[in-house]
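Visitor: I am new to this structure and would like to know what the words used for it rest on. Could you show it to me?

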Amino acid sequence: MLQTVSVTDKASGLLRVPDAAALLGLKPATVRAWLLQGKLPCIRLSARAIRFRRSDIEEIISQGFIGARQ
């Protein structure tokens, strides 16, 4: 199911793949692979436009599932 967002990504706290990858300490290709495997929650704006909630990424990091770069 698609969700639409009426505000800009920065104002809404949404991250693009490269930004989420940087926070997680992963390569963007790994984030895309995990996305296809259902390992990361996301918002699909269209078939190609994918965003991640900053709060979801920070929650994953805080739970210790992924070691973020320091």
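Guide: Here we go through helices, strands and confidence, one term at a time. This is a predicted model, in which local features need pLDDT of at least 70 and side-chain atom pairs count only at pLDDT 80 or more, while totals for chains, interfaces and linings use all residues. Residues are numbered from 1 along each chain as its sequence is written, and side-chain values use heavy atoms, with hydrogens and water left out.

Visitor: What makes helix 2 and helix 4 roughly parallel?

Guide: Helices (H or I, at least four residues) and strands (E, at least two) are DSSP runs, numbered from the N terminus. The axes of helix 2 (residues 17-24) and helix 4 (residues 54-62) cross at roughly 25 degrees and come within 10 Å. Axes are lines fitted to C-alpha atoms, for helices over the stretch in contact, with angles from 0 to 180 degrees between N-to-C directions. Angles under 35 degrees count as roughly parallel, over 145 as roughly antiparallel, 65 to 115 as roughly perpendicular and the rest as oblique. Helix 2 and helix 4 are therefore roughly parallel.

Visitor: Which residues make that contact?

Guide: Helix 2 brings A20, L23 and L24, and helix 4 brings R54, I57, I60 and I61; contact means heavy atoms within 4.5 Å.

Visitor: How do you know which strands pair?

Guide: Two strands pair if DSSP finds at least two bridges between them. Strand 1 and strand 3 pair in the antiparallel sense over two bridges, with L14 opposite R53 in strand 3. Two bridges also join strand 2 to strand 3 (residues 50-53), again antiparallel, and R44 stands opposite I50. The three strands form an open sheet in the order 1-3-2.

Visitor: Why do strand 1 and strand 2 stand at the edges?

Guide: Strand 1 (14-15) and strand 2 (43-44) each have a single partner strand, so one side of each is left without a neighbour in the sheet. Strand 2 and strand 3 also form a hairpin with five residues between them, and helix 4 lies across strand 1 and strand 3.

Visitor: What is the pLDDT of the chain?

Guide: The protein chain averages 81, and 74% of the residues score at least 70; pLDDT is the predictor's confidence in each residue, from 0 to 100. Over residues 1-8 the pLDDT is below 50. Where pLDDT is low, the predicted coordinates should not be read in detail.
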